[in-house]
Amino acid sequence: MLSGISAEDYMFADLEFDPCFYGCKTCEATEILLRDKPLDPSIHNIIWQVGSVGVVDMEFEVFQLLIDRLEKDFGPDHKVVRYIGAVLPQSTTTMDTFTFADLRKEDVAKQFGTISTLYIPPRDECHVNSSMAEAFGSPGDPAKLYSLAKWAGLKLNIVPANGPHERDFIAQIDTHVAPEGYRKLYTSAAMKKFMTDLTLKPKFLEYKLDPVAVVESAEGLSILEQLGLKSARSGSADASMKATESDIASGQQLTEEEISGGNRPLGLAITLVLVGFTVAVTRQ
């Protein structure tokens, strides 16, 4: 796992399910039992630390208390996944599918350790507010809703990754023309390396304490890139990495003043403070 990427995010990618569809709830196993946390069979449910229920090492009898509760909500034949994400490059990810009835078997239960996570796919179709669905759609064409698609294992998830709206946009990617004045990513290899290192290398945490020293120790950065980075402001860093097509063609660069202020060359940022509310208005 990379720093800053959670075990939950790895699970979404490895098990290939989208938490946005139907919704997703995560809860620690002991919490479910101690506080009688409700579980919704119509959404994705993620149960953490199922191998240490009651804050103890794996004990078959205690583990069965959790299975009693989950089986009550989902039934004995509902399929679930034992998940352990690979932490190191030498590790392998564990993704084993069982039914709740399988988890009654001691030899299966013993496979669950303190780092095991249980993924429970949706079982039921969630109620749809028909009047709201009609309000979201045009007259005579109510909003298109995804029907329940049971998770069937890797590469077999039949929920479409994109709906009609998204597919229309994807089909236009090759012919898409950016609007005039759009500022796209345009920066040096040194700047790309610096920003990548800033994200992935722990030593670059020093940047927050002394950005000037860290920037001056980096190689290959231009004077304007150094200026944008030394301020340690996202606006300045972003400004130094963006350019319009016309700027690229003419070789025109932002001024030091524009980078220091994090301003866009074609815009004016105005901040209005109104009785505790801050409203940012950009005039193009």
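Which residues of helix α10 (residues 223–230) are buried? Hold that thought while I say what we're looking at. This is a predicted model, where local features need pLDDT of at least 70, side-chain atom pairs count only at pLDDT 80 or more, and totals for chains, interfaces and linings use all residues. Residues are numbered from 1 along each chain as its sequence is written, and side-chain values use heavy atoms, with hydrogens and water left out.

Okay, back to α10. Its buried residues are Leu224, Glu225, Gly228 and Leu229; buried here means under 20% relative accessible area with a 1.4 Å probe, protein chains only. Those four cover an arc of only 135° around the axis, so they sit on the same side of α10. That arc is taken from the directions from the helix axis to the C-beta atoms, and helices are DSSP runs of H or I with at least four residues, while strands are E runs of at least two, numbered from the N terminus. In general, an α-helix has 3.6 residues a turn, so residues three or four places apart point the same way.

And what do they pack against? The buried residues of α10 pack against α7, α8, α9 (211–217), α11 (234–239) and α13 (256–261). After α10 comes Ala232, with a positive phi near 60°.

Now, the aromatics. Searching the whole structure turns up seven aromatic pairs. Rings of Phe, Tyr and Trp (its six-membered ring) pair if their centres lie within 6.5 Å; planes under 30 degrees apart are stacked, over 60 edge-to-face, and the rest tilted. Phe17 and Tyr119 are a stacked pair, at 4.2 Å centre to centre with 10° between the planes. Phe17 is in the loop between α1 (7–15) and β1 (24–28), and Tyr119 is in strand β5 (residues 117–120), so this pair ties together parts 102 residues apart in sequence. Phe17 and Tyr119 are both buried.

For Phe194 and Tyr207, the ring centres are 5.9 Å apart and the planes at 75°, so that pair is edge-to-face. Phe194 belongs to helix α7 (residues 189–200) and Tyr207 to helix α8 (residues 206–209), so here the linked parts are 13 residues apart in sequence.

Last stop, the largest nonpolar core. It has 21 residues, and those touching the most other members are Ile47, Val50, Phe100, Leu103, Phe112, Leu118 and Ile120. A nonpolar core is a set of buried Ala, Val, Leu, Ile, Met, Phe, Trp, Tyr and Cys residues joined through side-chain atoms within 4.5 Å. The largest share, five residues, comes from α3.

Note on methods. Buried means under 20% relative accessible area, exposed over 50%, partly exposed in between (1.4 Å probe, protein chains only). Contact means heavy atoms within 4.5 Å.
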